[in-house]
Amino acid sequence: MKKIKKLVLMILSVVIALSVWTFVPSETQVAKAAEARDGFVVFINPGHGPSSKGVAEALYNEQVAVRLYHALVSKGMTVYMTNPISIAPELPSIITAPPNPNNSYGGKQYEFLTELLPAINTPWVFQPSITKRPDLVVSVHHNDFKDKTVNGYETYYSSMITADYGKDATSVARSKDLAFFIDNEFKKPGYVYQPRKPSVKDDEVNSITSRSIVPSVLVEVAFMSNANDLKNIKNGTVQEETANRIANGVSSYRAKYGDNTPPIAKGVNATPYGDDGKFFHAGALQVTDASGIAKVEFAVWNEKTGDVKWYQGNAYGGGDYGALINIANHGNQTGRYYVQSYATDRLGNQGLLGTASYMIDSTPPAAKGVNVTPYGEGGKLFHAGALKVTAPMGIKEVTFAVWSDKTGEVKWYKGNAYGGGDYGALIHISNHGNQTGRYNVWTYATDYLNNQILVGQLTYDVVVDTTPPTSTGSNATDIGEGPNGLEFHAGALNVTDPSGVAEVTFAVWSEKTGDVKWYKGSAYGGGNYGAIVNISNHNYNGG
């Protein structure tokens, strides 16, 4: 409080008792207060509170402070009281406990230096959810003096630099600017109070203005000791006018030192998500703003309907945000989707970050080819394949419809994914009554939009061969000395089989040892096979 106020403090308990006033916020005001949780932050200090403790001036300070709270919130600012106030305890405050009963005021009001100043400089100690200091502090007071002719308003700042508290020259300069912004609003025509001379003063006494790290002012609205001022002090309309003028001064300060620029982003995109084609991802990359990002949203619509749906972006870290878009929210429409991303900073500045589009393609799958090939021995198995199967929205499954001409009974086989778009299934004729003869194989592909199409059809003739291969004879002929000893040639002549010959092998052993060695025959053509046998593989045994 300024020096002149320390001279005399008139106790107006009778007057205040006659002017008891309780502020009841409307639903709209409560809604606005609830919405204003981010942005430019203002702390209001209702001087000498709480009023329930009987401090003479406190009630008028609270009345103006409550009106100022709602005036600032209506301008999109985040506002906290430094401490709870009696007439509107629902308003958010930094301090939640009552005054310390052992402070220098005997618990009748909050101590400026030991209670209010810590709440301003380190609010997170009192409210862990608050992670930053306010942008400015307004302390609301009403004046008193022994000379009852003295009247008018005054706005105080402090030029003191208090390094021990962290207050620096920047805070001083901005506090002075704030004081003059408010004073300029008071001096505009139509205000009932007169300015003091000077109406902006430098004060080194008040703990908030002299030691607050953030820019701070103390507003002496008018003199309770002056009859005309006191009449206006009690007038709710005048209180509203005072609050609005202070709020306009704060707005001017915000315009100078606040952030009026909307957020920006490095880019906006729309990319596939998952394998089912029913989702895509809308993203905003490296979203930045000097005041911090309050929210990122995505407006999404399909070209066929134009029906816009809004999605709240999730923060991924590093300034990246995104949302999953489910086309079920858009009637499962195919075609092109448009995405616009908007970001809002903590001061309420909103901007368009960018636009992207994403195509939900209804084109059905296609395949480079299909085939049916033998598999294994005996002809009882064959393989159905589909090659390079693709679809814009991804392949959900490939299936094979298989039936024998003799029965016509269709069996369905789900294809296995081999990679690279290739699929296949093994067909066993035991599933078809072990029928021989012609089989029909139709291949279908389905994408994740459930578009299904026939990508190929083939036939395959099943011939079951249970007879082993035959030969016109075999022989063993001497070759002579080889690099590792004597050699001879084992041969099989005119080997044939209806199903084809897979391989010819020769089992060779010496009668002295009976140790069998196997040799794979080489095909010489015309059904003839043979292998070179060296006796070194048989311990050089003779006989």
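Reader: What makes strand 8 and strand 12 a pair, and in which sense do they pair?

Author: Two strands pair if DSSP finds at least two bridges between them, and strand 8 (residues 279-285) and strand 12 (residues 320-326) pair over six bridges, in the antiparallel sense. The model is a predicted one, in which local features need pLDDT of at least 70 and side-chain atom pairs count only at pLDDT 80 or more, while totals for chains, interfaces and linings use all residues. Residues are numbered from 1 along each chain as its sequence is written, and side-chain values use heavy atoms, with hydrogens and water left out.

Reader: Why is helix 4 described as largely enclosed by the rest of the structure?

Author: A residue is called buried under 20% relative accessible area, exposed over 50% and partly exposed in between, using a 1.4 Å probe and protein chains only. By that cut-off seven of the ten residues of helix 4 (residues 112-121) are buried, and therefore the helix counts as largely enclosed. Among the buried residues are Phe-112, Leu-116 and Ile-120, and the buried set packs against strand 1 (41-46), strand 3 (136-143) and helix 6 (207-211).

Reader: Why is Asn-332 called partly exposed?

Author: Its relative accessibility is 48%, so Asn-332 is placed in the partly exposed class. Asn-332 lies in the loop between strand 12 and strand 13 (335-345), and has a positive phi of about 55° although it is not a glycine.

Reader: Why is helix 3 called oblique to helix 8?

Author: The axes, which are lines fitted to C-alpha atoms over the stretch in contact, with angles from 0 to 180 degrees between N-to-C directions, come within 8 Å and cross at roughly 50° for helix 3 (residues 58-73) and helix 8 (residues 236-257). Angles under 35 degrees count as roughly parallel, over 145 as roughly antiparallel, 65 to 115 as roughly perpendicular and the rest as oblique, so helix 3 is oblique to helix 8. The residues in contact (heavy atoms within 4.5 Å) include Leu-68 and Leu-72 of helix 3 and Ala-247 and Val-250 of helix 8.

Reader: What makes the largest nonpolar core a core, and which residues have the most contacts inside it?

Author: A nonpolar core is a set of buried Ala, Val, Leu, Ile, Met, Phe, Trp, Tyr and Cys residues joined through side-chain atoms within 4.5 Å, and the largest such set has 46 residues, with the most contacts at Ile-44, Leu-68, Leu-72, Val-138 and Val-250. Helix 3 gives the most to this core, with ten residues. Not counting residues up to four places away in sequence, Val-250 touches Phe-40, Val-42, Leu-72, Met-77, Leu-136, Val-138 and Leu-178. Apart from this core lies another, of 24 residues, among them Phe-298 and Met-393.

Technical notes:
Helices (H or I, at least four residues) and strands (E, at least two) are DSSP runs, numbered from the N terminus.
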